[in-house]
Amino acid sequence: MSGGQPLLEVDGLKKHFPIRSGVLGGVSAHVYAVDGVSFDIRRGETLSLVGESGCGKSTVGKSILRLIEPTAGEVRLDGQRIDNLPAGQLRPLRRRVQVVFQDPFSSLNPRMRVRDILAEPLRNFGLATGHGETEDRVASLMDKVRLPRDAIGRFPHEFSGGQRQRIGIARALAPGADLIICDEAVSALDVSVKAQIVNLLSDLQDELGLALLFISHDLAIVEHLTHRVAVMYLGKIVELAERSTLFARSHHPYTRALLSAVPVPDPEAQRQRIILTGDVPSPINPPSGCRFHTRCPFVFDRCRVEEPLLRPVGKAGHISACHLEHAPGGEVVPQPNA
Ligand SMILES: Nc1ncnc2c1ncn2[C@@H]1O[C@H](COP(=O)(O)OP(=O)(O)OP(=O)(O)O)[C@@H](O)[C@H]1O
Ligand SMILES: [Mg+2]
């Protein structure tokens, strides 16, 4: 593992959305959308955040971006707190951390030509002055995302879904970001287009030293571009590991269940087929003990009462929040009470 300070550090992040009810609008409950999430991302690294719909992935991304205010925890960029910056001091964060959402239609102004969509952040951050310099920068952004330069006069609706996502990526690159949060950035695209965008992101990362937080409900897609994977379940990270470790030697039954749905090209990979039953419980009233216990095929008494903490399992940097131990063959056995 490389030393030095991580680019991004997320420490004990929580976001509890209040639910208001009644005529007076008092807070009657909370949605525990993100409930104590910690991870870091190094410069030039891709960390993927995966898990089923509603587990809190986008809420983590939006909290880092300060599109929503976190309830608790700390977020640091190059060691500087960004979670508590006053609204008037968000400019450096807005320049250095960018986002690409799933639906470029809703995030690209339909009445703006691509030239203006890309020139706007350049102007906002004072990165290009004068017409000539702006045109040059815009042209070079088009090159970076492999779109024809002569398309700058067109409107978003004149492009295909994959091309629109390239425009979204170009706009994220415009201010010279260090970190791009890709929130389901390829989820809506056709399989072949998905692969092209994933390749583009990974080339851009090599070229520019970008860090990526790649949010996806689809484990199969992250396998091709990620360095590490964090698996979330109901507001918490349940397992985090290097890509190869996670795909070949996952520890948590939830990760194994997600992997059960992914085709395995590697016959060496140890895969225990786990089919999940039941729905994800409500984050308003998460289960006691281990939040996954209501759906876990290996549940035992301890899981219902004691919350498992993330602990090192196997290789360095591999952590998992589960009371189970694994026998050498990969089968799981309950860990004796501490
Ligand atoms: N503004 C809000 N007010 C109340 N609850 C919210 C709000 N935004 C999100 N939630 C709830 O927080 C939980 C986490 O939502 P989030 O969008 O972060 O999940 P996600 O993992 O990104 O899901 P998906 O894969 O569907 O995008 C969900 O239960 C969601 O309904
Ligand atoms: Mg989401």
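These exercises walk through a predicted model of one chain and its ligand.

## Exercise 1: The overall picture

**Task.** Work out which elements make up the chain, and whether its radius of gyration agrees or disagrees with that of a compact globule.

**Solution.** 

Step 1. Begin with the secondary structure: the chain holds 11 helices and 14 strands.

Step 2. Next, look at the extent. The C-alpha trace covers about 70 × 60 × 40 Å along its principal axes.

Step 3. Now compare with the rule for globules. A compact globule of 338 residues would have a radius of gyration near 20 Å, and the chain has 21 Å, so the two agree.

Step 4. Of the 338 residues, 39% count as buried. Among contacts with a separation of 6 or more, 62% join residues 24 or more positions apart.

## Exercise 2: Into the nonpolar core

**Task.** Find which residues have the most contacts inside the largest nonpolar core, then look at what A170 touches.

**Solution.** 

Step 1. The largest nonpolar core has 86 residues.

Step 2. Inside this core, the residues with the most contacts are A170, L179, I181, C182, L213 and V231.

Step 3. Pick A170 from that list. Apart from neighbours within four places in sequence, A170 is in contact with L118, L141, M142, K144 and V145.

## Exercise 3: A helix and its surroundings

**Task.** Decide whether helix α6 is largely enclosed or largely open, and say which elements its buried residues pack against.

**Solution.** 

Step 1. Check the length of α6, which runs over residues 161-173. At 1.5 Å a residue, its 13 residues should span 18 Å; the end C-alpha atoms lie 19 Å apart, which agrees.

Step 2. Count the burial. Because 11 of the 13 residues of α6 are buried, the helix is largely enclosed by the rest of the structure.

Step 3. Name some of the buried residues: they include Q163, R164, I167, A170 and L173.

Step 4. Look for the partners. The buried residues of α6 pack against β6 (97-100), α3 (104-107), α4 (114-124), α5 (131-144), β7 (179-183) and α7 (191-208).

## Exercise 4: Around ligand 1

**Task.** Describe the shell of residues around ligand 1: which elements supply it, and which classes of residue does it hold?

**Solution.** 

Step 1. Ligand 1 is surrounded by 13 residues, of which the closest are F17, A33, S53, S58 and T59.

Step 2. Two or more residues of the shell come from each of β2 (26-41) and α1 (57-65). The largest share, three residues, belongs to α1.

Step 3. Sort the shell by class: five residues are nonpolar, seven are polar and one is charged.

## Exercise 5: Positive phi angles

**Task.** Find where R146 and L234 lie, and decide for each whether the residue is buried or partly exposed.

**Solution.** 

Step 1. R146 belongs to the loop between α5 and α6. Although R146 is not a glycine, its phi is positive, about 60°.

Step 2. R146 has 13 other C-beta atoms within 10 Å, so it is partly exposed.

Step 3. L234 sits in the loop between β9 (228-233) and β10 (236-242). L234 is not a glycine either, and has a positive phi of about 40°.

Step 4. L234 has 24 other C-beta atoms within 10 Å, and therefore counts as buried.

Step 5. For a glycine, look just after α4, where G126 has a positive phi of about 65°.

## Exercise 6: Sequence distance and space

**Task.** How many Å lie between E45 and T226, C-alpha to C-alpha, and how many between G130 and V313?

**Solution.** 

Step 1. E45 is in the loop between β2 and β3 (46-50). With 21 other C-beta atoms within 10 Å, E45 is buried.

Step 2. E45 and T226 are 181 residues apart in sequence, and their C-alpha atoms are 7.9 Å apart. Apart from neighbours within four places in sequence, E45 is in contact with A211 and H227.

Step 3. G130 is in the loop between α4 and α5. G130 counts as exposed because it has 8 C-beta neighbours inside 10 Å.

Step 4. G130 and V313 are 183 residues apart in sequence and 56 Å apart in space, C-alpha to C-alpha.

Note on methods: Residues numbered from 1 in each chain as written. Chains lettered and ligands numbered in written order. Predicted model: local features only at pLDDT ≥ 70, side-chain atom pairs only at ≥ 80, totals over all residues. Helix = DSSP H or I, 4+ residues; strand = E, 2+ residues; numbered from the N terminus. Rg over C-alpha atoms; globule rule 2.2 N^0.38 Å. Buried ≥ 20, exposed ≤ 12 C-beta atoms within 10 Å, placed from the backbone. Contact = placed C-beta atoms within 7 Å. Core = buried A, V, L, I, M, F, W, Y, C linked by C-beta atoms within 7 Å. Expected span 1.5 Å × (residues − 1). Near = placed C-beta within 6 Å. Nonpolar A, V, L, I, M, F, W, Y, C, P; charged D, E, K, R; others polar.
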